[in-house]
Amino acid sequence: MNDNYHIFSDGRIERHNDTVRLVGLDDEKSYLPIENAEALFLHGQIDFNTRVMSFLDDHGVAMHVFGWKDYYAGSVMPERGQTSGRTVVEQVRAYDTPERRRALARKFIRGSIHNMRANVSYYDGRGHEFGDVIEQLDTQQERLEPELDVSELMGVEATARRAYYSVLDDVLPDGFVFGGRQYNPPDNEVNSLISFANSLVYANVVSAIRATALDPAVSFLHEPGDRRYSLALDIADMFKPVLADRVIFRVVNRSQVTLEEFETDLNGCLLTESGRKTVSKAFEETLNETVEHPRLNRKVSYQYLLRIEAYKLKKHLLTGEEYVPFERWW
Amino acid sequence: MVYVIVVYDVQADRTPKFLNYLRQYLVHVQNSVFEGELTEGKTEEVEGRLESMLEDGESIMVYRMSSKKYVNRSVFGDDPMDDQQFL
């Protein structure tokens, strides 16, 4: 079991008798079974020392830190278990060879559009009329010609995503108004949900990439920038419809998250602590859901699908075997 | 993944030893009772280690369910497994 532990309360994490414990402000202690842990998500104000850091490092457990108002602030990753200079060299070569970079960027977008389309056609079959949106997504899919450069590909992806987001106002219950993607900070409830759920996808992809020898900062669709893991952005885009958006639809349509779960201040709108907790919980349930994998002939969790994506990419870079992007098949 | 329940009965002054060991793997649900999901390999590891820790007159029971699906779990009162991943 690769459990993610989400710590919302304030307090301190420490190493205690070969496992990790959380000591809350009221001095209440809870223990995290370290052997099952994949990563800690720190949402509250947490103190820790180097002893717990090296202990987490020994167990290969990452810490993802969410800062002010739960923006993703960064990760403390365990020392790399996987090192392979060859992989990094091949990764950079692929980035630096325009045809190869474009080919990968195109694959990522193909996966993203496919998965957005899957969500739209689900709702199209359930009392909504989204035929025109599906058509727009198909049109963008067909525009993915090999000669497009990366910025043109980004344009295709942006057009597709805009079409995709246009269904939100219809799908979400009354009171939730989307009106277009806004962030830094999100300006309404829907945008705030999307930002938070996307950051959970992103953090999980960071963990998945870490399991390989890939360099998380060398990316293909997004421009490799400083201070961020842009390869995680490339991969996360394909999974947002399947992980983040499905969770959002579920929690609001079942009224698990209502408009009361948001705080508006400084012209931004953000989830309250209990809202974040509900979303994280629904998100973790989704990560643990399994699907039958056609090629592996066994059931795999959504969380493992993230890792498979990193493995496939690595294999493509090292052996040239065609990279087939994640496209929801069920 | 198997679902295991571990119950131990050891000399009073030796319980912390078992408590500390099992906390690395499972959730402490009641005095001398742990439960949770583990891989087959980890279960073997835990069973082997527990056995080696025993002294005369002490005993440990490990109930192993081949999957979480086979556990029909009813809890009355507070459930320590609630929100175990969300603190």
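**View 1. The largest nonpolar core.** This core has 81 residues, and Phe108(A), Ile235(A), Phe239(A) and Leu313(A) make the most contacts inside it. Helix α7(A) is the top contributor, giving 13 residues. Keep in mind that everything shown here comes from a predicted model.

**View 2. Who touches Leu313(A).** Setting aside neighbours within four places in sequence, Leu313(A) is in contact with Leu104(A), Phe108(A), Leu214(A), Phe220(A), Leu231(A), Ile235(A) and Tyr323(A). Two of these partners, Phe108(A) and Ile235(A), are also listed with Leu313(A) among the residues with the most contacts inside the largest core. There's also a second, separate core, this one of 17 residues, with Leu32(A), Ala37(A), Leu42(A) and Ile46(A) among them.

**View 3. Helix α8(A), tucked inside.** Residues 230–239 of chain A make up this helix, and nine of the ten are buried, so the rest of the structure largely encloses it. The buried set runs through Ser230(A), Leu231(A), Ala232(A), Asp234(A), Ile235(A), Ala236(A), Asp237(A), Met238(A) and Phe239(A). What do they pack against? Their partners are the chain A helices α2 (85–96), α3 (98–124), α5 (150–165), α7 (189–210), α9 (241–253) and α11 (302–319).

**View 4. Where chain A meets chain B.** Chain A puts 23 residues into the contact and chain B puts in 16. Together the two chains bury about 1800 Å², with 52% of that on carbon and sulfur atoms. The interface has one salt bridge: the side chains of Glu35(A) and Lys42(B) pair up at 3.7 Å, N to O. Twelve residue pairs are in polar contact across the interface, with both residues at pLDDT 80 or more.

View 5. Elements giving two or more residues to the side that touches chain B are β1 (3–7), β3 (19–24), β4 (29–32) and α10 (273–288) of chain A. Strand β1(A) supplies the largest share, five residues. By residue type, this side of chain A splits into nine nonpolar, eight polar and six charged.

View 6. You'll find Ser67(B) in the segment after β4 (59–65) of chain B. Is Ser67(B) buried or exposed? With a relative accessible area of 15%, Ser67(B) counts as buried, since the cut-off is under 20%. A polar atom of the Ser67(B) side chain lies 2.9 Å from the backbone nitrogen of Lys69(B). Apart from neighbours within four places in sequence, Ser67(B) is in contact with Met1(B) and Tyr3(B).

Terms used: Residues numbered from 1 in each chain as written. Chains lettered and ligands numbered in written order. Predicted model: local features only at pLDDT ≥ 70, side-chain atom pairs only at ≥ 80, totals over all residues. Heavy atoms only, no water. Contact = heavy atoms within 4.5 Å. Buried area = accessible area lost by both parts, 1.4 Å probe. Salt bridge = Lys/Arg side-chain N within 4 Å of Asp/Glu carboxyl O. Polar contact = N/O pair within 3.5 Å; in protein donor to acceptor, adjacent residues only side chain to side chain. Helix = DSSP H or I, 4+ residues; strand = E, 2+ residues; numbered from the N terminus. Nonpolar A, V, L, I, M, F, W, Y, C, P; charged D, E, K, R; others polar. Buried < 20%, exposed > 50% of the residue type's maximum accessible area, 1.4 Å probe, protein only. Core = buried A, V, L, I, M, F, W, Y, C linked by side-chain atoms within 4.5 Å.
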